[in-house]
Amino acid sequence: MLEIKKIQPTDTYIVRHPVLRKGKAIETCRFENDELPSTTHFGCFFEGKLVGVVSLFEKSNNLFEEKNQFQLRGMAVLEEYQKKGLGEKLIIFLENYIKNNQENALIWLNARESALKFYEKLNYVVIGNVFDIKDIGKHYMMFKHLDS
Ligand SMILES: CC(C)(COP(=O)(O)OP(=O)(O)OC[C@H]1O[C@@H](n2cnc3c(N)ncnc32)[C@H](O)[C@@H]1OP(=O)(O)O)[C@@H](O)C(=O)NCCC(=O)NCCS
């Protein structure tokens with residue numbers, strides 16, 4: 001059985017750590033502004049086990065003109081549960097959550113090069129050139145308009 005629901009900031013570490021911060025100190029799993037009331041964390045539970053996470057930050061980027069902007073961060077699915085459609089379900093859930101609360105919102109994110117195709121399948125578009133994030137690697141900025 002699959003369930004997607006809001007989770008607490010530190011709950012995300014169970015998935016962030018092995019997937020996004022493997023071999024690094026657990027403190028590296030904390031993202032700036034994780035605890036803000038305006039930040040929302042979602043977890044995907046498979047048979048009761050937390051196997052996927054994604055977080056949504058109210059953060060504007062000068063590149064875009066929209067009033068309602070959100071940055072998507074910390075998208076991760078445990079390795080043994082990847083490529084089963086769970087990541088896609090989490091993103092769709094998050095998009096619907098925004099659509100239910102905001103009109104004409106925009107989501108932007110910094111995608112790892114390895115995740116580019118995943119986001120492209122979900123209609124996210126690259127803006128700008130490839131850039132490097134220290135210790136993590138090449139990234140692309142991507143965005144998507146959410147029509148209400
Ligand atoms: C990227 C990630 C979140 C995708 O989650 P997932 O549950 O594996 O993805 P899904 O199974 O929902 O995939 C949805 C579609 O994207 C495709 N896809 C997923 N990951 C892909 C990848 N790395 N390369 C190419 N295509 C990919 C799938 O094949 C699927 O397409 P299909 O429906 O035609 O088969 C997950 O693989 C992950 O945690 N990766 C490591 C961490 C990471 O890179 N996070 C993103 C940081 S920006």
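## Residue classes and the model

Ala, Val, Leu, Ile, Met, Phe, Trp, Tyr, Cys and Pro are counted here as nonpolar, Asp, Glu, Lys and Arg as charged, and the others, Gly among them, as polar. On that basis, the lining of the largest pocket divides into 18 nonpolar, 10 polar and 14 charged residues. The structure is a predicted model.

## The largest pocket

The largest pocket holds about 1,300 Å³ of space. Its lining is made up of 42 residues; Leu 20, Met 75, Arg 112, Ala 115 and Tyr 119 are the ones nearest the centre.

Five elements, α1, β4, α2, β5 and α3, each supply at least two residues of this lining. The most comes from β4, which gives seven residues.

## The ligand and its shell

The ligand sits in the largest pocket. Two or more residues of the shell around the ligand come from each of α1 (13–20), β4 (69–77), α2 (86–101), β5 (105–112) and α3 (116–121). Whereas β4 gives the most to the pocket lining, α3 gives the most to the shell around the ligand, with four residues.

There are 21 residues around the ligand, and those that come nearest are Met 75, Lys 83, Gly 85, Gly 87 and Lys 121. Sorted by class, the shell has 10 nonpolar, five polar and six charged residues.

## Polar contacts and burial

On the backbone side, a polar atom of Val 77 is 2.8 Å from a ligand oxygen, and a polar backbone atom of Lys 83 is 2.7 Å from a ligand oxygen. Lys 121 contributes through its side chain, where a polar atom lies 2.5 Å from an oxygen atom of the ligand.

Taken alone, the ligand exposes 900 Å², and the protein buries 75% of that area.

Methods: Residues are numbered from 1 along each chain as its sequence is written. This is a predicted model: local features need pLDDT of at least 70, side-chain atom pairs count only at pLDDT 80 or more; totals for chains, interfaces and linings use all residues. Side-chain values use heavy atoms; hydrogens and water are left out. A residue is near a molecule or strand if one of its heavy atoms lies within 4 Å of it. A polar contact is a pair of N or O atoms within 3.5 Å; within protein, one must be able to donate a hydrogen and the other to accept it, and residues adjacent in sequence count only if both atoms are side-chain atoms. Accessible areas come from the Shrake-Rupley method with a 1.4 Å probe; for residues, only the protein chains shown count as cover. On a 1 Å grid over the protein atoms alone, a cavity is a set of points where a 1.4 Å probe fits but cannot get out, and a pocket is an open set with protein on both sides within 12 Å along at least five of seven lines; lining residues have an atom within 4 Å of a point. A molecule sits in a cavity or pocket if more than half of its atoms lie within 2 Å of its grid points. Grid points are joined across faces, edges and corners, and a volume is the space filled by probe spheres set on the points.
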